[in-house]
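Colleague: Before I rely on the labels attached to this chain, I would like to go through them with you. Could you set each value against its cut-off as we proceed?

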Amino acid sequence: MKLPLALIPLLLASPSFGQDIITGDAMEGAEIFATYCAACHGDEGRGDGRMGPVLSIQPPDLTALAASNDGVFPVETTVFQIDGRDPLLAHGAEMPIFGMFFQGMDAAIKSESGQPIITSRQIADVVAFLQEIQE
């Protein structure tokens with residue numbers, strides 16, 4: 001099947017067309033995590049942040065995400081919960097959605113199935129950090 005010539009510029013302008021798959025920077029991710037996530041999830045991601053006492057549902061231990069998913073880190077679910085595509089109900093309400101804070105630098109990362117996921121560079125970095133702290 002041939003594509004109509006008019007569609008080719010649209011495909012080339014698409015953010016996912018030809019996007020290089022990256023590996024996030026775990027060190028950058030640790031800094032972002034410390035700023036945006038540690039208050040609830042704790043400095044080490046164990047769900048023991050200083051906001052815990054005022055939350056109606058405790059944040060999960062993020063070091064056990066892979067263990068609770070048959071040993072496979074849930075990249076897609078993690079990205080979608082951070083950026084709001086799959087809002088997580090927790091703490092008596094939705095987890096804060098940080099997608100709007102991390103707009104601008106799009107990146108493609110590989111999901112656990114091998115398919116690319118378009119997200120921001122900052123979220124890719126947080127995901128890399130979370131993958132690094134798995135037990």
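Modeller: Let me begin with the cysteines: a search of the whole structure finds zero disulfides, a disulfide being a pair of cysteine sulfur atoms within 2.5 Å. This is a predicted model, in which local features need pLDDT of at least 70 and side-chain atom pairs count only at pLDDT 80 or more, whereas totals for chains, interfaces and linings use all residues. Residues are numbered from 1 along each chain as its sequence is written, and side-chain values use heavy atoms, with hydrogens and water left out.

Colleague: Which rings form the aromatic pair, and why is the pair called tilted?

Modeller: Rings of Phe, Tyr and Trp (its six-membered ring) pair if their centres lie within 6.5 Å, and planes under 30 degrees apart count as stacked, over 60 as edge-to-face and the rest as tilted. By this rule there is one aromatic pair. The ring centres of Phe33 and Phe129 are 5.1 Å apart with their planes at 45°, so the pair is tilted. It links distant parts of the chain, since Phe33 belongs to helix α2 (residues 26-36) and Phe129 to helix α5 (residues 121-132), 96 residues apart. Helices here are DSSP runs of H or I with at least four residues, strands are runs of E with at least two, and both are numbered from the N terminus.

Colleague: Are the two Phe residues buried or exposed?

Modeller: Phe33 has a relative accessibility of 2%, so it counts as buried, and Phe129, at 10%, counts as buried too.

Colleague: What makes Glu135 and Arg46 a salt bridge?

Modeller: The rule asks for a side-chain nitrogen of Lys or Arg within 4 Å of a carboxyl oxygen of Asp or Glu, and the closest N and O atoms of Glu135 and Arg46 are 2.5 Å apart. Glu135 lies in the segment after α5 and Arg46 in the loop between α3 (38-41) and α4 (75-83), so this pair ties together parts that are 89 residues apart in sequence. Glu135, with a relative accessible area of 62%, is exposed, whereas Arg46, at 35%, counts as partly exposed.

Colleague: How many salt bridges does the rule give, and which residues are joined into one network?

Modeller: The count comes to four. Among them are Arg46 with Glu44, where the closest N and O atoms are 3.3 Å apart, and Arg85 with Asp83, where that distance is 2.7 Å. Of this last pair, Arg85 is partly exposed at 44%, while Asp83, at 16%, counts as buried. Shared partners join Glu44, Arg46 and Glu135 into one network.

Notes
Buried < 20%, exposed > 50% of the residue type's maximum accessible area, 1.4 Å probe, protein only.
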